[in-house]
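Here are my notes for a first look. Please read them with the model open.

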Amino acid sequence: MKRREFLTVAAAGSAGVLLARAQVAPPPNPTAPAAAGAFALPPLPYAEHALEPYISARTISFHYGKHHKTYVDNLNKFTAGTELAAQPLEAVIEKTAGVLEKAAVFNNAAQVWNHTFFWKGMKPGGGGQPGGKLAAQLDKAFGSFEAFKKVFVETGLAQFGSGWVWLVTEGDTLKVVKTANADTPLVHGQKPLLTCDVWEHAYYLDYQNRRKDFVETFVDHLANWSFATAQLA
Ligand code: MN
């Protein structure tokens with residue numbers, strides 16, 4: 001054994017197995033610049049702590065900084081060198097929806113879009129009841145704001161496993177719908193107004209298994225109704 005190798009093994013000590021594994025699959029060089037991709041992680045519309053106490057900075061840090069970023073990174077990886085890399089995000093979603101061999105691209109593209117829309121649909125000091133034309137349309141579709149809220153919360157609870165609950169327009173009617181995993185109303189002829197992420201990663205650190213509390217809190221304290229109303233235009 002050369003002296004240099006001996007020193008490496010000796011220094012590794014009981015971590016020798018770990019070292020051996022690392023030598024088989026070396027981690028990426030952390031000082032290497034990230035490859036510039038066609039798709040970028042949009043900035044969060046507020047500080048990571050801005051939605052406290054309803055969503056913690058820790059949750060946002062993981063949800064935006066890890067989950068959302070990973071969808072962007074994967075989308076760049078899966079579209080690199082293809083004609084999809086030159087397309088707007090919405091076009092990538094439309095072109096890959098329901099295409100089995102493009103499922104990985106669709107899932108990551110849709111998750112990038114869904115998360116960006118989710119962040120915009122919340123604000124510090126949000127929640128409560130909207131006014132104006134959205135209030136009138138909610139009354140028309142659901143009977144009252146409270147009735148809408150009940151449907152929204154129940155639909156979020158009814159989504160088995162990971163997914164999203166949405167307020168959308170379909171034609172000239174407001175609807176509450178749910179989608180599984182990365183699926184998005186964009187590819188179902190519906191126009192999203194607002195969404196709440198009901199993947200466990202959205203609420204588990206703050207609410208554990210209490211998804212109902214999270215979705216109610218979203219409506220009561222976080223929903224950005226002016227953003228939702230702007231989508232009606
Ligand atoms: Mn999420």
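1. Strand β3 (residues 191-197) is mostly covered, with six of its seven residues buried. Buried means under 20% relative accessible area, exposed over 50%, partly exposed in between, with a 1.4 Å probe and protein chains only. Strands (E, at least two residues) and helices (H or I, at least four) are DSSP runs, numbered from the N terminus.

2. A word on the source. This is a predicted model: local features need pLDDT of at least 70, side-chain atom pairs count only at pLDDT 80 or more, and totals for chains, interfaces and linings use all residues. Residues are numbered from 1 along each chain as its sequence is written, and side-chain values use heavy atoms, with hydrogens and water left out.

3. β3 runs antiparallel to strand β1, joined by six bridges. Two strands pair if DSSP finds at least two bridges between them. Val165 stands opposite Cys196 of β3. Leu167 has Leu194 as its bridge partner in β3.

4. β1 covers residues 163-170, and seven of its eight residues are buried, so it is largely enclosed by the rest of the structure. β1 also pairs with strand β2 (residues 173-180), in the antiparallel sense, over eight bridges. In β2, Leu167 is bridged to Val176. Two residues lie between β1 and β2 in their hairpin. Gly171, in the turn, has a positive phi of about 65°.

5. Which residues coordinate the manganese ion? The donors are His63 (NE2), His115 (NE2), Asp197 (OD) and His201 (NE2), at 2.0 to 2.1 Å. Donors are N, O and S atoms within 2.8 Å of the metal (3.2 Å for Na, K and Ca); water is not among the atoms, so sites may look incomplete. Along the sequence the spacing is H-x51-H-x81-D-x3-H. His115 in helix α5 (residues 103-120) and His201 in helix α8 (residues 200-207) are 86 residues apart, a link between distant parts of the chain. Both His115 and His201 are buried.

6. Helix α6 (residues 132-142) packs against helix α10 (residues 225-232) at about 80°, with axes 9 Å apart. Axes are lines fitted to C-alpha atoms, for helices over the stretch in contact, and angles run from 0 to 180 degrees between N-to-C directions. That angle makes α6 roughly perpendicular to α10 (65 to 115 degrees). Lys133, Leu134 and Gln137 of α6 meet Trp225, Ala228, Thr229 and Leu232 of α10; contact means heavy atoms within 4.5 Å.

Notes:
Angles under 35 degrees count as roughly parallel, over 145 as roughly antiparallel, 65 to 115 as roughly perpendicular and the rest as oblique.
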